[in-house]
Amino acid sequence: MKTLIIKEQPLTEETLQRLNQIIHQGDLVVFPTETVYGIGGNALDEHAIAKIYAAKGRPSDNPLILHIAHEDMLSSIVEDVSEDAKALMRCFWPGPLTLVFKKKESISPRLTGGLDTVAVRFPNHPMARQIIATANVPLAAPSANLSGRPSSTLFEHVYEDLYGKVFALVDGGPSTLGLESTVLDVSGDVPVLLRPGSISADMIETVLQKPIIASQPTKADDVPKAPGMKYQHYQPRGTVKLFDGPESFMVQAMSEAIKQSKARNLAVIAVDEIASLLPACTLYPWGSLYDPETLAKRLYERLRNMDEGHHDEIIVHGLLEDPLSQAVMNRLEKAAHEIIKK
Ligand code: TXA
Ligand code: MG
């Protein structure tokens, strides 16, 4: 398939109409959001849904997020919007918070991996909002990466993974946040955090004035709440070794590992504060330990750099305890082949 590449910013009316046509004929459009790029298709069209799973190579039991451009679109998708959900929508929509609701009968089980709930997000990116509003249907849009690969935060990433597999790629430049949205299940009595992100559990609890359940399934969990959690994620082709613990431990253990490595082409991803204490190595700077926004924004770019540089072993380390750093760690633990903890 020859893929249409759209680089104009802002989008013209003519382009929006062209994208509208592509969406309504059941084809796919990759578009930017403030979190990561999404691969979108008409959520009400079974053929478009099937094409999304095929283009990504995604297992069919891993449900898709629906993207809307105004709250009115919600009534055709979900059964009920609780007071908790309403309060969160007032504070965080549009933005990087995905809410999981009981779905309407009419929403295809193919979209939800057979679940009776549906995930909905109202992105805060002008191009995403214009594309969805013009199409005037919810767009199913998982992250625009091949299944198992790091998410896409630069246009080069979506080009590499999806050129030739979708009808159009829309270039919106680098993603501002770089980490996928927080996923919160509001379909039951007590909200459950399914995937951490820029909107933290604390921020949610402050709005709701009550505790939520912060379940973060680990690799060992048998029945993850967010079906996507059980799959291999974000992994570069080389072996990722993640060192975590007090800073002095990380520096010492990483230094040993660098000196003793038998890798053909070792790489280290490290924050400035740690990098300056390591022996000579091929270093990919990550940012400052005290600047979690930059660490979140660069994570997937760095993981993709590992394949570009043909690194067969990758050494990386833990971050601080603030919620955003820990959301980054949630992704990094999934990307790691080995975790060395103190
Ligand atoms: O920031 C984002 O959320 C990006 C951009 C493109 O909007 N999208 C994204 O989609 O990250 P995806 O498909 O890569 O991740 C969606 C996550 C998966 O872990 C999936 O299992 C979970 O949300 N999910 C979707 N529907 C669900 C449901 N009904 N119940 C529980 N988890 C659900
Ligand atoms: Mg994804």
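Some ground rules come before the tour. Residues are numbered from 1 along each chain as its sequence is written, and chains are lettered from A and ligands numbered from 1 in the order in which they are written. Because the model is predicted, local features need pLDDT of at least 70, side-chain atom pairs count only at pLDDT 80 or more, and totals for chains, interfaces and linings use all residues, while side-chain values use heavy atoms, with hydrogens and water left out.

## Overall picture

The protein chain holds 10 helices and 16 strands; these are DSSP runs numbered from the N terminus, helices being H or I with at least four residues and strands E with at least two. Its C-alpha trace spans about 60 × 50 × 35 Å along the principal axes. A compact globule of 342 residues would have a radius of gyration near 20 Å, and the 20 Å of the protein chain agrees with that. Here the radius of gyration is taken over C-alpha atoms, and the globule rule is 2.2 Å times the number of residues to the power 0.38.

Let's begin with the open sheet whose 11 strands follow the order 1-8-2-3-7-4-6-5-9-10-11, with mixed pairing. Two strands pair if DSSP finds at least two bridges between them. Strand 1 (4-6) and strand 11 (213-214) are at the edges with a single partner strand each, so one side of each has no neighbour in the sheet. Helix 5 (residues 155-162) packs on this sheet and touches strand 1, strand 2 (29-31), strand 3 (38-42) and strand 8 (168-170); contact means heavy atoms within 4.5 Å. The direction of helix 5 makes about 165° with that of strand 8. For such angles, axes are lines fitted to C-alpha atoms, for helices over the stretch in contact, and values run from 0 to 180 degrees between N-to-C directions.

Strand 5 (residues 97-102) and strand 6 (residues 117-121) run antiparallel and are joined by 5 bridges, with Thr98 opposite Arg121 in strand 6. Strand 9 and strand 10 form a hairpin with 6 residues between them, and in strand 10 the bridge partner of Asp185 is Val192. Strand 10 also pairs with strand 11, where Leu193 stands opposite Ala214.

| Strand pair | Sense | Bridges |
|---|---|---|
| Strand 5 and strand 6 | antiparallel | 5 bridges |
| Strand 9 (residues 182-185) and strand 10 (residues 192-195) | antiparallel | 3 bridges |
| Strand 10 and strand 11 | parallel | 2 bridges |
| Strand 12 (residues 239-244) and strand 15 (residues 313-317) | parallel | 5 bridges |

Another open sheet has 5 strands in the order 14-13-15-12-16, with parallel pairing. Its edges are strand 14 (283-285) and strand 16 (338-341); each has a single partner strand, so one side of each is left without a neighbour in the sheet. Neighbouring strands here are turned by 20° against each other on average, direction ignored. Within the pair of strand 12 and strand 15, Leu242 stands opposite Val316 in strand 15. Helix 10 packs on this sheet, touching strand 12, strand 15 and strand 16, and its direction makes about 135° with that of strand 12.

## Helix against helix

Helix 10 (residues 323-335) also meets helix 9 (residues 292-308): their axes come within 8 Å and cross at roughly 15°. That makes helix 9 roughly parallel to helix 10, a label for angles under 35 degrees. Among the residues in contact are Leu295, Leu299 and Leu303 of helix 9 and Val328 and Leu332 of helix 10. The residues of this contact divide into 10 nonpolar, 1 polar and 2 charged. In this count Ala, Val, Leu, Ile, Met, Phe, Trp, Tyr, Cys and Pro are nonpolar, Asp, Glu, Lys and Arg are charged, and the others, Gly among them, are polar.

The axes of helix 3 (residues 83-92) and helix 6 (residues 201-208) come within 9 Å and cross at roughly 115°. Asp84, Ala87, Leu88, Cys91 and Phe92 of helix 3 meet Met203, Ile204, Val207 and Leu208 of helix 6, a set with 8 nonpolar, no polar and 1 charged.

## Backbone details

Finally, a few spots to look up in the loops. The Gln9 to Pro10 peptide bond is cis, with omega near -5°, and Pro10 is in the loop between strand 1 and helix 1 (13-24). The bond from Trp93 to Pro94 is also cis, with omega near -10°; Pro94 lies in the loop between helix 3 and strand 5. Gln209 is not a glycine, yet has a positive phi of about 60°, and its place is in the loop between helix 6 and strand 11.

Key:
Angles under 35 degrees count as roughly parallel, over 145 as roughly antiparallel, 65 to 115 as roughly perpendicular and the rest as oblique.
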